[in-house]
Amino acid sequence: MNYDDEYKWCPECKSYVKYLQSYEKSYCIDCGTSVFLFSKEDWEKFRENLPRSDYPERLES
Ligand SMILES: [Zn+2]
């Protein structure tokens with residue numbers, strides 16, 4: 001999967017979608033839901049490849 005800047009994950013559409021960039025958030029161009037850089041699944045995969053010390057603090061559980 002290539003994480004192109006043009007696409008982000010929409011939990012509502014359950015796919016990578018084109019989005020609108022607002023001041024702090026991005027929104028799905030189709031349904032208006034806040035979108036994320038990664039899907040939960042892809043974030044888990046991405047995180048597995050990081051050394052523990054590189055975990056962003058706010059995302060640690
Ligand atoms: Zn959507």
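Reader: What makes up the protein, and in what order do the elements run?

Author: The protein has one helix and three strands. Their order from the N terminus is β-β-β-α.

Reader: What is the strand order of the open sheet, and why do strands S1 and S3 count as edges?

Author: The open sheet has three strands in the order S1-S2-S3, paired antiparallel. Strand S1 (7–10) and strand S3 (26–28) each have a single partner strand, so one side of each lacks a neighbour in the sheet. On average, neighbouring strands of the sheet are turned by 60° against each other, with direction ignored.

Reader: Where does Lys14 lie, and what is its phi?

Author: Lys14 belongs to the loop between S1 and S2. Its phi is positive, about 55°, although Lys14 is not a glycine. The hairpin of S1 and S2 has four residues between the strands.

Reader: Why is Phe36 called partly exposed?

Author: The class lies between the limit for exposed residues, 12 or fewer neighbours, and that for buried residues, 20 or more. Phe36 has 17 C-beta neighbours inside 10 Å, so it counts as partly exposed.

Reader: Where is Phe36 located, and which residues does Phe36 contact beyond its neighbours within four places in sequence?

Author: Phe36 is found in the loop between S3 and helix H1 (40–48). Beyond four places in sequence, Phe36 is in contact with Lys8 and Trp9. The C-alpha atoms of Phe36 and Ser26 are separated by 7.6 Å, the two residues being 10 residues apart along the chain.

Reader: Which residues form the largest nonpolar core, and what makes such a set a core?

Author: Members of a nonpolar core must be buried residues of the listed nonpolar types, joined through C-beta atoms within 7 Å. The largest such core has seven residues: Trp9, Cys10, Tyr16, Val17, Tyr19, Cys28 and Val35. S1 and S2 each supply at least two residues of this core, and the largest share, three residues, comes from S2. Buried residues make up 13% of the 61 residues in the protein.

Reader: Which residues does Trp9 touch, leaving out those up to four places away in sequence?

Author: Trp9 touches Tyr16, Val35, Phe36, Phe38 and Ser39. In the protein, 18% of the contacts with a separation of 6 or more join residues 24 or more positions apart.

Reader: What is the average pLDDT of the protein, and where is confidence lowest and highest?

Author: The average pLDDT is 83, and 77% of the residues score at least 70. Confidence is lowest in H1, with a mean of 88, and highest in S3, at 95. Where pLDDT is low, predicted coordinates should not be read in detail.

Key. Residues numbered from 1 in each chain as written. Predicted model: local features only at pLDDT ≥ 70, side-chain atom pairs only at ≥ 80, totals over all residues. Pairing = 2+ DSSP bridges. Axes fitted to C-alpha atoms, helices over the stretch in contact; angles between N-to-C directions. Contact = placed C-beta atoms within 7 Å. pLDDT = per-residue confidence, 0-100.
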